[in-house]
Amino acid sequence: MAKKIPFNVVFASDEDVNFPASELNNHGPTVHGWRSAPNGSLTSHDIILRFQQPAKIYRIQLLAHQYLIPEKVELWLHYSPKSLPSTPSSQYFDFLGFVALADNANTNYKSRELQSVTVCPRRGTHLKLRLIGVQGNDYNDTGQISLLAVNVLGEDLDVGPNNGNGEEHLSNEAPPLDTATGELALASICDDLLFSMYVEESIVQTIRELEQRKILAVNSERFEYARKLKLCMTALRTAGERLGRYALAKRQAVQQEDFTTARLRKEQIEMYRAAVLRQLQVHQLLEPQGVTLSSNDQSCEIYAGGKPSLPSAPSLQDVAQALAEATFSPKSMTSLSLEDKSSTDGSQPGNDNTVTTPAPAPAPVPAPTSLQATPTPTLGGWRKSHDELPQSPRLPSRHSSPMSSRQGSLRRRNKSVPRNSYEDYEERAIPTLRQECQGNALLEADPNRGRSRLNDRERRQAALPILVFGNELVEQFYSRQFQDREDGLMRLRNFLKEHDLLEPSSNEHAASPNKVARSAALLLHRAVRDAVYSVFSQATETVRMLFLEYVPGRVSPNEVARCVDRLLPELLAKSGDPSARLHTLAQHTILSIAACPEVAEQHLVAPALSRSVGSGTHQRLAMSRLQMLEQLVHTQGISTDKHSGLTCRALSECGCSGIHHPAEPVRKVAERILLLVYKVNPRLVRKQLPPDDDITRRNLLYRQLFTEFDKLDLDRKQELLEASKYGGGHSSGDAATPPADKASTSSDASRLMNSRSGHSMGPMASSSNGYASCNGKQQYNEQLKRSMLSVSNSRKGSASNSESTEDNTPKIRCPFCDWSCAGSDATQLDRHYWKACPFLTKCPQCSQVLEVAALNYHLTTECDAKESYVVCVRCTESVHKQLYELHQMEDYCRELKTGAARCPLCHDDVHLPQDGGWKLHLLSAGGCPGNIRKRNLKKSN
């Protein structure tokens, strides 16, 4: 496996005095790197590295400067056995290739470029880097170029008599690759340049020791011990990067000759390192002296839940307070009083004639041992550990010191104490950091510094949240540190809880609930888009608390709709995330929002979920939408409100689009939604699908779906038969009758035609509800009766006139179908009405003869069995209550077109019923196929 090849720089064509080439020998956060001489005349710069022993080279890594960038770097390799002397002038280098570097303008010269070049395995003892050209920019006014670090990965080469002179390719060999990733297999993660340049050196050494212990643990099959070691190394890398930032800040303070801050940074590094090693139990995991500890093979609380948590980092103010407590402890005050007394007596501290008795060593409890010349691992003996120290609050004045109240008159004697507050050091931007610090991550030398001030654009966006919650809380939401964003979400939840408990009259200046909800939605809209899972989890919890605890009973419906419109699209996008924990949490949050009473009343969530699913929609997003829609159907049921998004039509359209999705899991959920709708409205679901025939059932998808439909139909028919068999009478009919159709008011309208006389007409009566309640399409019945009265009267008058004019021949004529016969016997006309007139029919219940157009109206309002009939809400026909469910399953039960009527004999639509539509339908040759009297009339003719 490849490892880091140690080397030394033996030659450099030129260099800056402050940035020599020897800086390339080491890796670490505080490394300066090499720079060329300012304003030099050389166009190419050579740097020669000599390996400490011959090596087989697999990969070369180069880390460039952020703005002192060369155009390209050529790589040359030389191999000479140890037995042969070699000087830079006598060496012959083989050209490996070159690496072109970007100008870094797209990052505004704030990031470094790392180039990793994999080469064919070759032997070598010297590596020459030739840097050519310079990338010009506004920051590089001296024409310099720089190289921050070089790393060579390979294997040590055993030089033997059979190796030859080494000037050859190892064509038959390949570099070792990791079987999982396909990348170059490294012996240790510490050998990677990206690791060693940002992790503090002592932590790197500790991780190397832990890796060796992990290899031994795996060989000994101590897998619990190996798991702990792996988690510990992951946590140590995070802590090491933070210690590297602290070390960089300490170096910057030394360059500025700010030794007070440098001393505080040094103590901060020691405190945090000791706390991390103590909390992660590193000393116990290393098993000093080779003694196997049984506790390492047992589960513990720290490593039980995955990645262990790190202690909170101490701020500079916490460090200053700890130093002040150690300095002004009783024993330190005793030594200080002795010094004051000696100075009062006129003795000088540096006088050789004065015999000074050293003060006793401070006890480990009140005084930190890190104040001694050599730091020791006894940092745990402080009176207050760094994780127990109080958090540093923001000071009211930038020029007041937190130690001024405790020092008193000793302030002037302790010259090392800064005159301004430590908060000023935390907030102050170091100029050298801006010029030379290598990235945004290293600019955050302290976690409190990551919370940057809001710019003008952000202030305009967050104007309302700043007014409601305050500037400090909003800055946490806009911070680059995810810990600050988590704290901001927790503070927002606490604010909502406190605002929930306060009465409106308790604070006249408090913001209204509408403003609080709008401000919270603005901040949460930013938080739910966060890429860090812990921040997203906190954001979803805050969203649920907002809608389930704060919104009900307080926020207006318009404001609730505005909040949902802002947050729902982001949550829907998160519900399509491939990560299971992300999309599950997003689904739970959306369903929680839908459960809010104010949201459910306005139907704000379901319409967004019930939209059609396109075949190009991502599988995870489509599946999440359909799963949430299915859950809403189970919890809220199918609604008849067309704006709810849960109507039969909306659900069936969404389900039909889902069954055509290329992903099988999406089709399964869509099938379940269609089955739920089919239980309520079978005809509508079948209308959305292809016809149920043999050709359609050849498709496996439709065959399975129609099979489920057949099972549901069979179950429904069995239930209806059992209900009609054992229920009997009106009770079973009432049970099968939908509640909306039970209320139908009847009128005292007289029969249109008597069973024995076709000339006697009764007075007409109007119905206030009746058919007018059925989508407004049955109002023609009353108008039809009125028109029939006038038609019969006019036809009787015309018949009498014709009789007087046609030679006074007695003749009887039917006013409906124009049938006529000679003679004056009225019984012939009654017989025609009773048996032959195609315009009339018999009531199936009371055998009354009446017009076909009035049969539906008669069965529900005039017939003796009117209590057993209801009006179908879909087709407006009169149906027996016991057969209502079966009727709705029939194909002819369909929506009635506007302005048309429904024939009770053939179930077809009759167009223009008041303008001769019924006569054309009942009397024409191709008219009503269900009219038996018309067929009998043709046979008689």
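## Close-up views of a predicted model

R902 and E877 are both buried. The model shown in these views is predicted.

**View 1. A salt bridge between R902 and E877.** The side chains of R902 and E877 meet in a salt bridge, with 3.8 Å from N to O. This pair links distant parts of the chain, 25 residues apart. R902 is in strand β15 (residues 900–902), and E877 is in the loop between β13 (869–871) and β14 (878–880).

**View 2. A salt bridge between K3 and D156.** The structure holds 27 salt bridges. In one of them the side chains of K3 and D156 meet, at 2.7 Å from N to O.

**View 3. A salt bridge between K72 and E74.** K72 and E74 form a salt bridge in which the closest N and O atoms are 3.9 Å apart. Are these residues buried, exposed or partly exposed? K72 counts as partly exposed because its relative accessibility is 26%. E74 has a relative accessibility of 12%, so E74 counts as buried; the limit for buried is under 20%.

**View 4. A network of salt bridges.** Which residues are linked in this network of salt bridges? The arginines are R686, R697 and R716, and the aspartates are D692, D710 and D713.

**View 5. An aromatic pair formed by Y246 and Y272.** The structure holds ten aromatic pairs. One of these pairs is made by Y246 and Y272, whose rings are 6.3 Å apart from centre to centre. The angle between the planes is 70°, and the pair is edge-to-face. Y246 lies in helix α3 (residues 223–255), while Y272 lies in helix α4 (residues 259–279), so the pair ties together parts that are 26 residues apart in sequence. Y246 counts as buried because its relative accessibility is 0%. Y272 is buried as well, with a relative accessible area of 1%.

**View 6. An aromatic pair formed by F706 and F709.** The ring centres of F706 and F709 are 6.0 Å apart and the planes stand at 65°, so this pair is edge-to-face. How are F706 and F709 placed in helix α27 (residues 700–726)? The two are three residues apart in this helix, so about one helical turn separates them. F706 has a relative accessibility of 1% and therefore counts as buried. F709 is buried too, with a relative accessible area of 0%. F706 and F709 belong to one aromatic cluster, together with Y678 and Y702.

**View 7. A patch of positive charge.** Four arginines, R457, R460, R526 and R529, gather on the surface in a patch of positive charge. R529, one of the patch residues, sits in the loop between α16 (513–527) and α17 (533–550). R529 has a relative accessible area of 44% and is therefore partly exposed.

**View 8. R562 and L604.** R562 is part of helix α18 (residues 557–575). With a relative accessible area of 40%, R562 is partly exposed. R562 and L604 are 42 residues apart along the chain, and their C-alpha atoms are separated by 9.9 Å.

**View 9. Positive phi at N39.** Most residues other than glycine have a negative phi. N39 is not a glycine, yet its phi is positive, near 55°. N39 is placed in the loop between β3 (34–35) and β4 (44–64). The relative accessibility of N39 is 61%, so N39 counts as exposed.

**View 10. Positive phi at E221.** E221 is not a glycine either, and its phi is positive, about 60°. Where does E221 lie? E221 is in the loop between α2 (201–219) and α3. E221 has a relative accessible area of 59% and is therefore exposed.

How values were computed. Residues are numbered from 1 along each chain as its sequence is written. This is a predicted model: local features need pLDDT of at least 70, side-chain atom pairs count only at pLDDT 80 or more; totals for chains, interfaces and linings use all residues. Side-chain values use heavy atoms; hydrogens and water are left out. Patches are made of residues with over 30% relative accessible area and no salt bridge: like charges are joined within 9 Å, nonpolar side chains (Val, Leu, Ile, Met, Phe, Trp, Tyr) within 5 Å. Accessible areas come from the Shrake-Rupley method with a 1.4 Å probe; for residues, only the protein chains shown count as cover. Lys and Arg count as positive and Asp and Glu as negative; His and the chain ends are not counted. The place of a charge is taken as NZ of Lys, CZ of Arg, CG of Asp or CD of Glu. Helices (H or I, at least four residues) and strands (E, at least two) are DSSP runs, numbered from the N terminus. Buried means under 20% relative accessible area, exposed over 50%, partly exposed in between (1.4 Å probe, protein chains only). Rings of Phe, Tyr and Trp (its six-membered ring) pair if their centres lie within 6.5 Å; planes under 30 degrees apart count as stacked, over 60 as edge-to-face and the rest as tilted.
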